[in-house]
Amino acid sequence: MAGAVACAVAGLVAGCGPTPAEEYGEALFRDSRLSTSQYNAFSCATCHATSSEQARDKLYTGLSLEGVASRPHWWGGYEVTLLDAVNFCYTAFMRGTAPLDAEDPKSRALYEYMVSLSPRPDASAQPFTLVRDITDVPRGDARRGAEVYRAACQDCHGEARSGQGRLTELAPVLPDVAHEYHQLFPNSPPSLVFIEKVRHGRFFGVGGNMPPYSREALSDEDLGALLAWLGL
């Protein structure tokens with residue numbers, strides 16, 4: 001898929017010829033309209049940093065994409081081609097109705113952009129450990145929990161207890177949504193439901209379209225501090 005792709009896309013072409021593939025790919029990366037679903041509010045940039053420096057300021061659900069095109073596999077080894085890894089996110093979290101085809105100009109442009117983030121010919125696979133069995137975690141420092149909320153939750157869910165600034169109205173207001181858990185999940189403590197939503201996301205049908213937080217992306221210590229701050 002190497003080489004520039006001539007993508008004459010409205011809004012990206014400024015009347016001076018086709019947009020370079022890398023530039024088009026970066027625009028797609030940052031635009032929720034990559035998915036045509038009217039219910040999608042996520043872009044690739046919602047969940048992924050593109051450098052280790054950027055990742056220092058936020059606890060992304062996805063790991064940094066620095067070197068992504070040069071890795072031997074993705075999603076902890078569950079995906080062995082880059083396009084399949086992209087399509088996993090595209091269909092599972094961005095509500096894409098069908099996977100992107102390899103020859104789709106969007107796929108080719110995203111690939112060129114990811115190559116630009118991968119200056120070395122090889123890069124190590126990134127660890128991605130999903131918590132299989134949900135258990136409670138010790139509560140931590142609530143002051144740290146406030147910072148975890150800002151870094152991990154606020155971009156999507158907005159300010160705690162008001163939801164102001166949330167990415168979409170489909171993102172519940174935290175922690176108020178826990179009041180509904182007794183009725184929706186009558187046999188589970190609200191805190192465990194919250195933990196499962198964080199750790200499993202949509203995989204077990206309890207997290208809407210939320211991506212899961214692996215142990216590498218969010219430690220149990222930070223999760224415990226978050227729970228303490230939210231009063232769960």
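**Notebook: surface, packing and salt bridges**

I began with Phe204, which counts as exposed because its relative accessibility is 55%, above the cut-off of 50%. The model I am consulting is predicted. I placed Phe204 in the loop between helix 8 (190-200) and helix 9 (220-230).

**Entry: helix 1 against helix 5**

I next looked up how helix 1 (residues 21-29) and helix 5 (residues 105-116) pack. Their axes lie 7 Å apart and form an angle of about 100°. Helix 1 is therefore roughly perpendicular to helix 5, since angles of 65 to 115 degrees fall in that class. I listed the residues in this contact: helix 1 contributes Ala21, Glu22, Tyr24, Gly25, Glu26, Leu28 and Phe29, and helix 5 contributes Pro105, Lys106, Ala109, Leu110, Glu112, Tyr113 and Ser116.

I examined Pro105 of helix 5 separately. I noted that Pro105 is partly exposed, its relative accessible area being 41%. I also recorded a C-alpha separation of 9.4 Å between Pro105 and Tyr24, which are 81 residues apart along the chain.

**Entry: helix 9**

Which residues of helix 9 are buried? I found Asp222, Leu223, Gly224, Ala225, Leu226, Leu227 and Leu230. I then looked for what covers them, and the cover includes helix 6 (142-157) and helix 8. Just after helix 9, I noted that Gly231 has a positive phi of about 75°.

**Entry: Leu59**

I located Leu59 in the loop between helix 3 (52-55) and helix 4 (82-92). I asked which residues Leu59 is in contact with, leaving aside neighbours within four places in sequence. I found Val148, Ala151, Ala152, Tyr213, Ala217, Leu218 and Asp222. One of these, Asp222, is among the buried residues of helix 9. For Leu218, I recorded a C-alpha to C-alpha distance of 7.0 Å from Leu59, although 159 residues separate the two in sequence.

**Entry: salt bridges**

I counted eleven salt bridges in the structure and looked up several of them.

- I found Glu103 bridged to Arg108, with 3.3 Å between the closest N and O atoms. Glu103 counts as exposed because its relative accessibility is 54%.
- I found a salt bridge between the side chains of Asp141 and Arg143, at 3.4 Å from N to O. Asp141 is partly exposed at 36% relative accessibility, whereas Arg143 is exposed at 70%.
- I found the side chains of Arg150 and Glu147 joined at 2.6 Å, N to O. At 40% relative accessibility Arg150 counts as partly exposed, and Glu147 is partly exposed at 33%.
- I found Arg199, Arg215 and Asp220 linked in a network of salt bridges.

I then asked where Arg150 and Glu147 lie, and how many residues apart they are. Both are in helix 6, three residues apart, about one turn of the helix. An α-helix has 3.6 residues a turn, so residues three or four places apart point the same way.

Definitions and conventions: Residues are numbered from 1 along each chain as its sequence is written. This is a predicted model: local features need pLDDT of at least 70, side-chain atom pairs count only at pLDDT 80 or more; totals for chains, interfaces and linings use all residues. Side-chain values use heavy atoms; hydrogens and water are left out. Helices (H or I, at least four residues) and strands (E, at least two) are DSSP runs, numbered from the N terminus. Buried means under 20% relative accessible area, exposed over 50%, partly exposed in between (1.4 Å probe, protein chains only). Axes are lines fitted to C-alpha atoms, for helices over the stretch in contact, and angles run from 0 to 180 degrees between N-to-C directions. Angles under 35 degrees count as roughly parallel, over 145 as roughly antiparallel, 65 to 115 as roughly perpendicular and the rest as oblique. Contact means heavy atoms within 4.5 Å. A salt bridge is a side-chain nitrogen of Lys or Arg within 4 Å of a carboxyl oxygen of Asp or Glu.
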